[in-house]
Every structure is written in structure tokens, then in C-alpha cells.
Amino acid sequence: MAAGKGTRLKSKHPKVLHEVGGKPLVAHVIAAALKVVPPSDIYVIVGHEAGRVQQAVAQTGVNFIVQEPQLGTGHAVMCARESLKHYEHVVVLSGDAPLITSETIARLRDFHLHQKSAMTLVSAQLNDPTGYGRVIRKNSGPEVQAIVEEKSCTPAQRKLREINSGIYAFSVKALFAHVEQLKTDNPHAEYYLTDMAALLRRARHPVAALETENAFEILGSNTRAELAQLDRQIRSNKCLQLMSAGVTIFYPETCVIDADVEVGADSIIEPFVQLLGRTRIGSDCRIRSYSVIHDSEIGDQVTIRPACVLDDARVQKGAELGPYSRLRPGSEVGEGAHVGNFVEMKKTRLGKKSKANHLTYLGDAEIGEGVNIGAGTITCNYDGIHKHRTIIEDRVFVGSDSTLVAPLKLGRGAYIAAASCITEDVPEEALALGRARQIVKEGWVKKRSVASKDSA
Ligand code: UD1
Ligand code: CA
């Protein structure tokens with residue numbers, strides 16, 4: 001179920017597209033379901049901003065059912081009647097409960113089939129059950145009588161700590177034989193799927209509850225505070241998982257690491273590092289504080305000093321970056337190469353053992369091995385209309401403060417004198433100077449002061 005608006009988030013975006021652990025809520029739920037059944041057996045009920053939700057998860061190959069208008073969780077399931085008619089049983093998941101695991105889904109399925117229930121709900125004991133529906137059992141035995149939403153609870157029911165997770169298994173036949181009997185006589189005037197428990201009991205169908213071992217698994221995200229709590233839980237799990245695989249993380253509670261990130265053993269991650277998206281980091285690396293690395297591939301033994309920003313970049317073994325390096329998409333730093341303070345790269349390859357250590361912009365450039373890029377070098381890659389490439393071959397030495405106007409090729413082993421503006425190709429092993437000759441006027445200061453006294 002992913003059709004709701006999420007009123008309590010006070011957002012213009014649909015609830016299930018809010019992110020925790022770097023991914024939309026609904027994407028987590030689909031990922032868990034995909035470990036249990038193929039995408040062809042998954043139906044995502046969309047409604048509010050259906051197009052956006054569909055687009056966000058379309059690549060998973062799941063099916064979609066449109067619920068329009070959205071009249072509650074019971075109504076959401078009514079909309080699935082046609083799609084489910086060839087199935088015997090169905091598991092219903094909440095698009096806003098992202099911590100659910102495939103193990104729990106499989107356990108729910110097995111328990112439900114074993115108990116031969118018409119409806120099985122996943123329940124949990126929460127210290128603070130506020131906001132959840134309460135599970136009412138007959139004489140506190142195993143038999144479920146009803147689920148009562150918090151707003152409709154009596155004071156005694158409100159004290160119950162066993163809550164409904166919003167995750168269920170149903171016999172498809174029993175579900176659709178009774179779902180049309182749901183009413184909207186409740187404070188929200190909605191069709192509540194939770195009312196199916198009492199309906200099925202009245203029709204003498206067995207209703208069971210499976211209590212989770214990990215209560216945090218079923219936490220929902222109705223408010224921004226709950227979103228933050230879920231996000232923290234996912235990040236913390238990720239750090240624990242990396243640490244158990246041999247990664248050192250100092251102050252893990254300050255690091256933001258997305259679920260799909262990989263890090264090799266004996267790498268060290270300092271406080272306040274963010275590793276995002278599909279980032280992969282090798283072994284024996286050190287990622288220093290305040291670096292933000294997105295969708296990038298980092299080899300073994302790489303040092304990333306504080307405050308580097310990498311996006312869609314590749315860094316080979318033994319390279320050193322930062323502090324304050326910025327690698328934009330398409331940057332490639334070769335083995336053992338150095339990229340230093342305030343250096344920006346874009347669509348640029350820097351070869352093995354080459355260095356660009358200070359205050360430099362390298363855009364659309366192909367740079368060979370053993371090249372030295374002096375401080376303040378700029379590739380002028382843009383003429384206002386087109387981007388042009390700069391080719392710098394192996395062992396070129398570019399003096400500081402050089403301006404390289406592309407398109408341009410600097411031949412192997414060439415030298416560029418400091419402060420040159422280079423507009424034409426430089427052949428191999430040549431020295432190019434592109435600056436005005438210095439003029440020295442001996443005694444100029446004294447002459448000027450005499451002249452100014454005369455005029456006074
Ligand atoms: C629901 C349960 C509550 C349970 C809680 C667990 C009901 C009536 N209540 O409450 O017992 O403790 O989940 O988290 O079901 N949705 C639709 N179509 C709709 C309405 C909702 O697809 O018309 C989707 C929402 O997008 C969401 C899910 O169903 O993903 C649950 O809806 P929500 O409004 O969050 O239910 P809760 O109030 O949390
Ligand atoms: Ca909810």
C-alpha cells in the first residue's frame with residue numbers, strides 16, 4: 001500500500017517517496033518483498049502522485065494498481081481485487097514501514113499457511129504504542145478479536161502495548177468475501193483494513209497474530225521525527241555491518257552511509273563522513289572527516305583528506321586527495337596520483353603518479369603519467385558555446401599559474417613556463433613561454449619621488 005498522501009509529514013511530496021537510508025520508503029519495502037517473490041507477484045498500490053511513485057520504483061519490474069480516490073487502507077485492498085483473483089494468499093505490506101525484512105515476510109507467510117488463518121497480522125510490543133492500532137485478544141489468549149485504531153480506543157485499550165504493524169497475510173478468498181462489508185463509521189471516515197479482523201472473526205474465520213522478535217522492524221513513518229528515527233536506525237545498522245566486516249569507523253553515529261555502499265577491510269572512516277549511493281571503497285583506505293563521496297569508486301590504499309567532495313568519480317590504488325578536492329562526474333585519478341587543496345576536476349583523467357596539488361581547474365582533460373600541474377593552472381575548456389579538450393601527454397611539466405586555452409595538446413615531456421597563457425599546441429620536449437617579457441626600470445622609485453617634489 002503506497003497510495004496515501006502522508007498528511008502528517010506536511011509535505012508536498014508523497015509520503016512513500018520520502019527517503020531514509022538514502023532511498024525512498026517504498027523502495028525499501030519493495031526490496032524486502034523482492035527477496036521473497038519475483039517482481040511479477042508484487043503489486044504496488046499507488047494513488048496520491050501515482051506517476052511520481054511509479055516512476056521512482058519502475059525499474060524493479062513490479063506491477064501497479066491505481067487507487068483513486070484514496071479512501072483508506074481497506075479501500076486500497078478493495079482496488080486489488082482483480083489483480084489478486086488468481087492467488088490463494090496475499091501478504092499486505094505498508095509502503096511507509098521500511099525496516100521490514102524479507103525474513104519476517106517469509107515467517108509471516110509460513111506462519112499464516114501453517115495456522116490456516118483467514119488473516120494473520122504482524123504485531124509488536126512497543127514501550128510507546130502512541131499512534132498505532134491496538135491488538136485486542138480474547139482473554140489475552142492467542143486469538144485475535146479485533147484491531148482498534150488509537151482514536152477509537154477506550155482508555156483501557158489505549159494502555160495495551162501490543163500494536164498492529166500494518167503488515168498482514170490474508171486468504172484471498174476470505175478477504176474478498178468480506179472486504180465490501182467494511183464501513184466508514186470512524187473518526188477518519190475511511191475504510192480501515194484493520195476492521196477486517198473483527199469482520200472475519202464474526203464470520204468465524206480464524207485470525208492470528210505473529211509477534212515480531214525485532215519491534216523496530218515494523219516502525220512506521222508518519223511524522224518527520226519518525227523518519228529521522230528510522231534513518232538513524234538504518235544508518236546505525238549499516239555501520240555495524242561494515243564494522244563487523246573489518247572496517248574501522250570512528251564515531252559511527254556521525255557518519256551517513258547508504259545501504260548499498262561497500263567498504264573493504266582495514267579501511268578507516270573518520271567522523272562526519274558521508275558515503276552515498278553506489279559508492280565502493282577498497283581496503284586499507286583512510287577517509288578523513290567531512291568528506292562527501294557519492295556514486296564513486298575508490299581503489300585500495302587511497303587517502304582522502306578532510307572535506308573532499310566526490311561525485312561519480314574513480315580513484316585508483318594509492319592515490320591521495322585533498323584536503324578540499326572536488327571531483328565532479330567523470331573524474332579519474334590514476335594510481336598513486338595526487339590531487340590537492342582546492343583542485344576541481346570534471347570529465348578529466350589524471351594519469352598514474354601525476355600531481356595537481358594546489359588551486360587548479362582541470363575540465364575535459366586527458367592527462368598522462370608523471371605529469372606535474374603547477375599551482376593555479378586552469379584549463380579554459382569553454383568558449384561560451386562549446387566545450388573543448390586539453391590533452392597533456394606523459395611527463396609534461398606545467399608551471400604555476402598557467403592558462404591552457406583548449407582545444408590544446410601539450411606533447412610528451414614538454415615544459416610550460418610559469419604564468420603562461422598557452423593557446424597553441426606544444427611539441428614534445430619543447431619549452432613554451434606565453435607571457436609578456438619582464439621590464440625592470442632601475443632607480444624608478446627615486447626618480448618618481450624627485451618628480452613629485454618638483455611639481456609640489
Ligand atoms: C495503519 C493501521 C494501524 C497500524 C499502522 C502501522 C489502518 C486503518 N491502520 O495506520 O492499525 O498500527 O498502520 O503503521 O490501516 N494507504 C493507501 N491508501 C489509502 C490509505 C493509506 O495506500 O487510502 C497506504 C499509505 O500510503 C501507507 C499505508 O497505507 O503506506 C498505511 O497508511 P497510514 O495512513 O500510514 O496508516 P496508519 O495511520 O499509520
Ligand atoms: Ca503509517
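The predicted protein holds 10 helices and 38 strands, counted as DSSP runs numbered from the N terminus (helices H or I, at least four residues; strands E, at least two). Its radius of gyration is 32 Å, well over the 23 Å that the globule rule gives for 456 residues, so the protein is more spread out than a compact globule. That radius is taken over C-alpha atoms, and the rule is 2.2 Å times the number of residues to the power 0.38. The C-alpha trace spans about 110 × 55 × 40 Å along its principal axes.

This is a predicted model, in which local features need pLDDT of at least 70 and side-chain atom pairs count only at pLDDT 80 or more, while totals for chains, interfaces and linings use all residues. Residues are numbered from 1 along each chain as its sequence is written.

An automatic or database assignment gives domain 1 (15-218) and domain 2 (224-432). Their C-alpha centres lie 46 Å apart.

| Between domain 1 and domain 2 | Value |
|---|---|
| Salt bridges (side-chain nitrogen of Lys or Arg within 4 Å of a carboxyl oxygen of Asp or Glu) | 0 |
| Buried area (accessible area, 1.4 Å probe, lost on being put together, summed over both) | about 910 Å² |

Carbon and sulfur atoms give 69% of that buried area. On the side of domain 1, Val-20, Gly-21 and Leu-99 lose the most area to domain 2, together 46% of what that side buries.

Methods
Chains are lettered from A and ligands numbered from 1 in the order in which they are written. Side-chain values use heavy atoms; hydrogens and water are left out. Buried area is the accessible area (1.4 Å probe) that two parts lose on being put together, summed over both.
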